[in-house]
Amino acid sequence: MQLQKLHVATTAAAALLIAATSASGQGLALPAPPTDIDYYDNGNPDPAKVSLGAQLFFDKELSGNRNISCATCHHSLTDTGDGLSLPIGEGGRGLGVTRDTGLSQMPGLGPVHERVPRNAPPVFNLGAKEFTTLFHDGRVAVDPNEPCGFLSPAGVDLPCTLDNVLAVQAMFPVTSATEMAGQAGENAIADAAAANDLPLVWDLLAGRLKSIPAYVAQFDAVYGIGEDAITYAHAANAIAAFEAFNWRADNSPFDRYLRGERGAMSQSARRGMRVFYLQNKGNCASCHSGPFQTSHGFASIAAPQIGGGKGDGLDGREDFGRERVSGDPADRYRFRVPSLRNIALTAPYGHAGVFDTLEGMVLHHLDAVASFDAYDTSQAVLPSRPNLDALDFQVMSDGAYVGARTAIKASSQISPVNLSAREFNDLLEFLRALTDPSSVDLRKDVPRSVPSGIPLAE
């Protein structure tokens, strides 16, 4: 399609953290680049703790059927995501876009129960203290009103020995049947998860770790505890330390520009920075503000909904997003505003991974409602299986969901603004300038082996 003019969205309700210093837009108030003090442990956690966390992160011992690890959906070789629109969790085989739906005795079917309903988000910079809310719907968050200081699906069952909200997040994928636990009847962990007995899930996983001498020795070295004292919370704290340290990404061309290296960004990227920050241009910073280009709030951009759904709406095929946590109907279809750091590396985009290119995601922001109506399903990256495929695009195409589609579009909080083709291309160059070169090759993050002895190959 040939376009003479392009559009970029603007959100009128959000408060700007940047502003032009003159009517002609000469000069921007830009965020300060992150420093060590902005991160847990001042950016320097215990190396032994990080090493333990790396092994746990890649070890399938933490899954019910010992066939999937945290890394399967957040792998170093797939830029801390998995390259898919919606993950193939427990029961699948392979890594990234090569992952399939698993072994089967029936042609076309596999042991995977369903697709994971939401995109596997990247894990970059989550060791920064300002990331106080995690998951697409914010169901894990810092909350001083909660008994242990954190909001979470575990409620009062959450251990009070967790270091930070990133460690809290690490407590939950292991409790999900679709992600890591497996289905009821397959193993004891899956049975406990099906009964929503989260403390039992964590105790059973701790029991597995206690049975592996190499882990017992490392837990003692890091925490000074004996075998009997090991808990899954200790494991979650180590996993968080690994993620926070290894996947810090704040030395992009943009960061170097902020630190005074004015030649760090190309002329096109510098022009794109103006498009991004100026209110009368892209106004992207009305939501993507601060040093990590996120307000940490929740917003609806009329994002297409694909996959089997989160259990909401007609036949459970919809995902109501933030409303599932807040209970407020005004939050329906709103999802956490993502950080844009390393955004060029982390496709597909959106809470359901509906756009496979950065251009496609930005184009959606140009005119969200029109983009929703014209959504091209070929942009979805979904390993095929007939019974899963049949559910993937029901909300977007089935006549029974006309009301849902109308409601999603009506929920959009962004409206179009004209940009020239050059401004659009410059904006893309600025977004690419948010990539830390150290994140391009993360092979060094993958351990050679793990203490359980389970092969790392997916």
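## Exercises on cavities and cysteines

Helix 12 gives the most to the lining of the largest cavity, with four residues. The model is predicted.

**Exercise 1.** How many cavities of 30 Å³ or more does the structure hold, and what surrounds the largest?

*Solution.* 
- Step 1. Start with the count. There are three cavities of 30 Å³ or more.
- Step 2. Take the volume. The largest cavity holds about 940 Å³ of space.
- Step 3. Look at the lining. It is made up of 46 residues, and those closest to the centre are His288, Val337, Pro338, Leu340 and His365.
- Step 4. Strand 1 (6-10), strand 6 (335-336), helix 12 (358-366) and helix 17 (421-432) each supply at least two lining residues. Helix 12 leads with four.
- Step 5. Sort by class. The lining has 29 nonpolar, 15 polar and two charged residues.

**Exercise 2.** Which residues line the second largest cavity, and how do they divide by class?

*Solution.* 
- Step 1. Take the volume. The second largest cavity has about 60 Å³.
- Step 2. Find the lining. Among its residues are Pro117, Ile306, Lys310, Arg317, Glu318, Asp319 and His351. Gln305, Gly307, Gly309 and Ala352 also belong to the lining of this cavity.
- Step 3. Sort by class. Three residues of this lining are nonpolar, four are polar and four are charged.

**Exercise 3.** Which cysteines does a disulfide join, and why is the disulfide left-handed?

*Solution.* 
- Step 1. Search the whole structure. One disulfide turns up.
- Step 2. Name the pair. Cysteine 148 is joined to cysteine 160, with 1.6 Å from S to S.
- Step 3. Cysteine 148 sits in the loop between strand 3 (140-142) and strand 4 (150-151). Cysteine 160 sits in the loop between strand 4 and helix 3 (165-169). The pair therefore ties together parts that are twelve residues apart in sequence.
- Step 4. Read the torsion. About the S-S bond of cysteine 148 and cysteine 160 it is about -60°, so the disulfide is left-handed.
- Step 5. Check the surface. Cysteine 160 has a relative accessible area of 55%, so this residue is exposed.

Terms used: Residues numbered from 1 in each chain as written. Predicted model: local features only at pLDDT ≥ 70, side-chain atom pairs only at ≥ 80, totals over all residues. Heavy atoms only, no water. Disulfide = S-S within 2.5 Å. Buried < 20%, exposed > 50% of the residue type's maximum accessible area, 1.4 Å probe, protein only. 1 Å grid on protein atoms, 1.4 Å probe; cavity = no way out; pocket = protein on both sides within 12 Å on 5 of 7 lines; lining within 4 Å. Points joined across faces, edges and corners; volume = space filled by probe spheres on them. Nonpolar A, V, L, I, M, F, W, Y, C, P; charged D, E, K, R; others polar.
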